[in-house]
Amino acid sequence: MGMLKKAPEKLWWGGTAPQDFYPDDQDIRAAGNLTELADVFGSDKGTLGNAHNYARLYERLINPSETKALCEIGVACGASLKMWSAFLPAARIVGVDIREECKNLCKDNKNIEIKIGDVKDLNYSNKFDVVIDDASHVSEDIVDIFNRCWKWVRPGGLYIIEDVGCTYSDDYTEHFNSLFGTNKVNNRHVFVELVDSIMKNVDVKIDIESMEYHPQLLILRKRKANANAAVSQQSKFLNWLSSWRP
Ligand SMILES: C[S@@+](CC[C@H](N)C(=O)[O-])C[C@H]1O[C@@H](n2cnc3c(N)ncnc32)[C@H](O)[C@@H]1O
């Protein structure tokens with residue numbers, strides 16, 4: 001067996017225009033799992049660059065035979081979209097990016113669709129088995145995008161927020177703002193408030209089944225539609241509990 005040929009490291013976050021990279025077919029075929037696919041296509045969800053190693057976890061959580069549509073917010077060079085396209089050949093893969101230059105990427109992949117614009121201008125509902133926020137990683141945006149895109153996830157599906165560590169870094173925020181000419185706020189408390197509000201407002205966010213923290217990741221699962229009966233029992237109990245006084 002030959003050695004796995006990893007993609008060259010990308011400069012996608014350094015201000016260069018996004019570029020397409022296509023490995024040879026034989027290199028794609030040589031990849032035996034999602035981490036190796038990430039490495040072959042040049043996404044840092046495997047062992048390249050920041051070596052996030054998310055792919056190892058995603059492979060356990062995302063079942064190709066049950067996944068019909070996946071949306072990733074943040075396309076850059078399209079590396080992760082191509083990784084998803086290879087892992088989920090029967091699924092529809094939608095990428096969203098604010099940068100106009102991303103629109104011509106991934107043309108060889110028939111199941112990839114790229115939308116250009118701010119996610120807040122797009123309207124989907126219950127369309128995706130998985131939605132991944134790999135956009136700015138600035139807490140203000142994470143909260144806005146969650147509020148906008150949670151409804152894009154089908155019941156039983158996953159909403160994944162990547163690179164949560166960036167919300168701790170002033171250097172990162174400065175770099176981001178200078179690159180995009182923005183003045184975004186990256187206060188940790190904004191992000192923590194999102195988690196607080198999900199925890200507190202059980203009746204408002206009743207469709208959240210679970211929240212899991214993993215290193216650098218927050219993963220939310222949407223409650224299945226057929227769990228509604230149990231949920232309404234639970235809300236009755238919570239109402240009773242909140243009105244109960246000894
Ligand atoms: C980390 S890169 C995406 C990397 C890609 N998912 C991968 O793994 O190969 C982040 C991208 O998000 C885009 N972005 C930032 N804010 C956005 C927003 N509000 N809506 C859409 N795209 C955004 C940036 O233009 C950038 O290309």
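Author: The model is a predicted one. The secondary structure of its chain consists of eight helices and seven strands. Of the 246 residues in the chain, 46% are buried. Among contacts between residues at least 6 apart in sequence, 63% join residues at least 24 apart.

Reader: Which residues make the contact between α2 and α4, and how many of them are nonpolar, polar or charged?

Author: From α2 the contact uses Leu34, Leu37, Ala38 and Phe41, and from α4 it uses Ala79, Lys82, Met83, Trp84, Ala86 and Phe87. By class there are nine nonpolar residues, no polar ones and one charged residue. Lysine counts as charged, and Lys82 of α4 is among the contact residues.

Reader: What makes α4 largely enclosed by the rest of the structure?

Author: A residue is buried when its relative accessible area is under 20%. Eight of the nine residues of α4 are buried, so the helix is largely enclosed. These residues are Ala79, Ser80, Leu81, Lys82, Met83, Trp84, Ser85 and Phe87. They pack against α2, α3 (54-61), β1, β2, β3 and β4.

Reader: How many residues of α2 are buried, and what do they pack against?

Author: Seven of the eight residues of α2 are buried, so this helix too is largely enclosed by the rest of the structure. They are Leu34, Thr35, Leu37, Ala38, Asp39, Val40 and Phe41. Their packing partners are α1 (25-30), α3 and α4.

Reader: Why do β3 and β6 stand at the edges of the sheet?

Author: The open sheet has seven strands in the order β3-β2-β1-β4-β5-β7-β6, and its pairing is mixed. Each of β3 (112-116) and β6 (208-214) has a single partner strand, so one side of each is left without a neighbour in the sheet. Neighbouring strands are turned by 15° against each other on average, direction ignored.

Reader: What makes both faces of β1 covered?

Author: In a regular strand the side chains alternate between the two faces of the sheet. On one side of β1 lie Ala69, Cys71 and Ile73, and on the other Leu70 and Glu72; all are buried. Five of the five residues of β1 are thus buried.

Reader: Which strands does α5 lie across, and at what angle does it run to β5?

Author: Helix α5 (residues 139-149) lies across β1, β4, β5 (153-161), β6 and β7, and it runs at about 170° to β5. Angles over 145 degrees count as roughly antiparallel, so the directions of α5 and β5 at about 170° are roughly antiparallel.

Reader: Why is Cys102 counted as buried?

Author: Its relative accessibility is 0%, which is under the 20% limit, and therefore Cys102 is buried. Cys102 is located in the loop between β2 and β3. Neighbours within four places in sequence aside, Cys102 is in contact with Pro18, Val75, Ala76, Asp97, Ile114 and Ile116.

Reader: Asn53 and Asp163 both have a positive phi. Is Asn53 buried or partly exposed, and what of Asp163?

Author: Asn53, in the loop between α2 and α3, has a phi of about 60° although it is not a glycine. Its relative accessible area of 26% lies between the limits of 20% and 50%, so Asn53 is partly exposed. Asp163, in the loop between β5 and α6 (170-180), has a phi of about 55° and is not a glycine either. Its relative accessible area is 8%, under 20%, so Asp163 is buried.

Technical notes. Residues are numbered from 1 along each chain as its sequence is written. This is a predicted model: local features need pLDDT of at least 70, side-chain atom pairs count only at pLDDT 80 or more; totals for chains, interfaces and linings use all residues. Side-chain values use heavy atoms; hydrogens and water are left out. Contact means heavy atoms within 4.5 Å. Helices (H or I, at least four residues) and strands (E, at least two) are DSSP runs, numbered from the N terminus. Two strands pair if DSSP finds at least two bridges between them. Axes are lines fitted to C-alpha atoms, for helices over the stretch in contact, and angles run from 0 to 180 degrees between N-to-C directions. Buried means under 20% relative accessible area, exposed over 50%, partly exposed in between (1.4 Å probe, protein chains only).
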